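Dear colleague,

I am handing over the structure that we spoke about, and below it you will find my notes on what was found. Please read them with the structure open beside you.

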Amino acid sequence: MTSENNKERSMPVLTLTNLAKRYNRKVWGVRKMDLEVEDKEFVVFLGPSGCGKTTCMRMIAGLEVTTRGSIILHGKDITDLPPRNRDISMVFQNYAIWPHMTVYENIAFALKLQKKSRSEIDRTVKEVAAMVKIDQLLSRIPGQMSGGQQQRVALARALAVKPKLFLMDEPLSNLDAKLRVVMRTELKAIHQRTGATSIFVTHDQSEAMSMADRIVIMKDGEIVQVGTPDDVYFRSADMFVAGFIGTPPTNFFPVEMKTAGEKVELSHPRFAILISGSDADRLKNNGQNSLILGVRPEEIKVVPEKDSLLSVEVMVVEPQGSFQIVAVEIEGEIVKIVVGSAGKIQPGERLHLSFVEERLHFFNAETTKRI
Amino acid sequence: MTNNLRRNAGRTMRMTTIYILVSGVAMIIIFPMFFLFSFSLMSDYETYSEWPKPLLPRTSVDYRMDHSGNGNFRLSIWNVSENDWMPFGPEELNRNPDEIKKLSRFLNNYGNTQFSEEEILTAMKLTDQDGFYEFALRKSLIHNYRRFFKLYSGAARSVLQSLYTAGMTIFISVSIGGMAGYAFARYVFKGKNILKLSVLFVRMFPPVAIAIPMVVILGKMGMYDKPVGLSLIYSINQISMNIWITASIFMGIPESLEEAAQVFGTSKTGAFFRVTMPLAVPGLAACAMYSFIYSWNEVINAVILTQFNPTFPVVVYKSLLGANAQVHLIAAGSIAQALPAIIFTLFIRKYILQMWGGVKV
């Protein structure tokens with residue numbers, strides 16, 4: 001009995017198999033998507049614009065015809081069903097709330113079509129309106145409301161149908177920066193309360209990092225990496241992910257590898273670094289001598305001269321309040337370093353730098369994959 | 001302080017100049033229409049026997065009856081421009097019932113006043129008593145309109161023909177134009193821009209130039225001299241117009257509104273009728289208005305394509321022809337012709353304002 005329950009819980013809510021979309025038999029929107037989404041999971045599709053994340057979501061919603069592959073929701077193949085029969089709901093980027101209906105009518109729209117009783121509709125509308133804090137606005141027309149309020153209406157409308165799957169297509173990107181951070185927190189709280197399985201599309205990596213249970217990073221219509229925020233940050237699958245996640249992104253140095261007994265030595269025109277332990281074994285097994293060293297900005301430390309790996313002149317300082325971003329030039333490349341705000345650094349100053357050795361990333365110079 | 005005063009004075013001057021110019025331009029447009037309206041209320045006598053014309057037509061007419069010798073009577077009318085009594089009707093009047101009937105009709109037709117035979121007899125009695133009898137009669141303001149429809153036979157029927165034609169034109173051109181406009185707004189296809197431009201090309205043919213083919217084709221279709229045929233011809237013109245109006249309206253309605261409706265439980269068609277259509281009502285109303293006005297006012301095609309079942313503008317146009325044209329009756333016909341278009345426009349003004357008046361839907 002219990003084992004069966006466990007088995008059911010571990011069955012994915014949504015399965016995408018070999019999903020692809022091609023426009024006019026020419027342009028690939030999505031090349032290949034294989035993904036399983038667990039119950040109550042909050043999955044974020046992340047990628048630069050044009051990577052196919054929105055296309056993929058629209059295929060799940062049924063707004064886009066699939067070219068190939070299948071979409072299975074709760075064990076039912078929904079690949080060719082019209083959107084209304086899919087048991088999903090969606091929040092659109094431009095809110096897409098109907099301007100000729102009041103807020104109440106907007107939220108009640110789907111429920112009325114489902115032929116729910118009037119009292120049930122009323123109860124549900126009030127419940128979700130309270131959840132997104134628009135219970136004072138129910139009789140208003142969307143045109144009189146601010147962007148944030150409209151987004152809340154869109155959210156309430158999507159929550160009201162109690163869907164099996166909750167889709168959000170860049171719902172925060174039309175809001176101003178401050179409101180976006182507020183809504184981010186509220187969205188997460190709502191998700192924790194309702195437990196609705198959710199897919200969230202965004203191009204903003206900090207949004208993805210802060211909200212996701214799992215992040216699906218996409219590029220050119222394909223999945224590059226699927227993992228928890230920690231996975232994609234600390235174990236980036238390739239240089240694209242390492243360069244996309246984190247502000248500022250990872251710094252890359254092309255290095256040559258030399259074996260030195262147990263250890264390996266990575267040499268760059270400006271510095272040489274000795275790697276030991278499991279990292280060294282991995283590098284040796286990899287066999288290639290030219291590789292890319294990736295170092296996150298906060299993993300470059302300012303140290304006394306005697307411990308330093310290299311010394312550089314500060315080019316630009318960008319104060320951020322709690323920390324400052326220092327940009328320096330190493331071999332023609334701009335390298336960014338995150339330094340605590342204690343001790344103001346001035347442009348032109350000389351800094352002595354060292355890397356946090358256990359947190360270095362190594363990438364294959366040709367395939368850009370992680371080693 | 002003085003600066004302020006000077007600035008205010010300058011502003012007042014500027015505004016005054018603008019208002020004078022604007023009202024001047026408005027006068028140029030309004031006065032001819034006003035005179036037409038004024039003429040449509042004038043009697044035959046006012047139209048042809050008084051000069052200069054008063055700005056406003058009279059609402060009552062003064063008459064005077066006295067003896068013309070031999071116990072006969074004579075009727076005079078107060079001429080406003082001469083400021084005197086002028087003879088009106090037959091010189092010698094007696095109590096002969098036929099003559100009294102004639103006089104009553106004369107008062108009605110030429111003075112637009114109702115005066116029954118008994119009242120004439122009473123007037124004669126009073127004239128015998130006092131030597132003269134002066135009386136004022138209320139002028140009938142709708143007399144010319146009634147007269148127009150009586151005189152130009154088929155005018156009333158032609159109004160129905162016109163309404164029918166306009167209704168058909170609205171139906172055909174708004175439905176087809178609206179559907180095409182939706183396609184132009186929502187779908188990407190090869191040659192879209194060329195096609196959208198080319199729908200305007202049908203408007204460039206002058207109706208007179210293609211009159212013969214039109215008559216032949218409509219005749220072969222069995223639609224010559226029928227409102228349906230006429231409305232088809234009008235629709236060709238109007239569809240292109242409606243495509244452009246509705247395409248811009250549908251483009252302004254985000255596709256995501258329809259998509260949202262689909263996600264939340266409607267079919268694609270349902271989404272159109274529940275979401276897009278209500279939002280497009282101002283645009284569709286504008287299309288209907290333009291179609292109505294065009295169909296209601298059009299003359300050239302109607303003259304060519306009708307024979308025994310003319311539309312109302314054809315009747316009005318024909319009333320202008322010939323030596324016996326009566327200005328005040330034509331004015332009545334013209335106003336009758338202009339009125340429905342004005343009423344229709346006022347009726348859907350709200351929607352037009354929504355579309356172009358900066359009132360966001």
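B:Glu259 forms a salt bridge with A:Arg58, the closest N and O atoms being 2.7 Å apart; the term stands for a side-chain nitrogen of Lys or Arg within 4 Å of a carboxyl oxygen of Asp or Glu. Across the interface of chain B and chain A, the rule finds one such salt bridge.

Before going further, please note that this is a predicted model, in which local features need pLDDT of at least 70 and side-chain atom pairs count only at pLDDT 80 or more, while totals for chains, interfaces and linings use all residues. Residues are numbered from 1 along each chain as its sequence is written, chains are lettered from A and ligands numbered from 1 in the order in which they are written, and side-chain values use heavy atoms, with hydrogens and water left out.

In the interface between the chains, 17 residues of chain B are in contact (heavy atoms within 4.5 Å) with 21 residues of chain A. The area buried between them, meaning the accessible area (1.4 Å probe) that two parts lose on being put together, summed over both, is about 1,700 Å², and carbon and sulfur atoms give 71% of it. B:Glu259, B:Val263 and B:Phe264 supply 41% of the area that chain B buries against chain A, which is more than any other three residues.

Domain bounds come from an automatic or database domain assignment, which divides chain B into domain 1 (2-40), domain 2 (48-140) and domain 3 (148-356). The C-alpha centres of domain 1 and domain 3 of chain B lie 35 Å apart, and four residues of domain 1 are in contact with six residues of domain 3. Between these two domains of chain B the buried area is about 470 Å², of which carbon and sulfur atoms give 88%. B:Leu36, B:Phe39 and B:Ser40 supply 75% of the area that domain 1 buries against domain 3, more than any other three residues.

Across this interface of domain 1 and domain 3 of chain B, the rule finds zero salt bridges. It also finds zero residue pairs in polar contact there (both at pLDDT 80 or more), a polar contact being a pair of N or O atoms within 3.5 Å, where within protein one must be able to donate a hydrogen and the other to accept it, and residues adjacent in sequence count only if both atoms are side-chain atoms.
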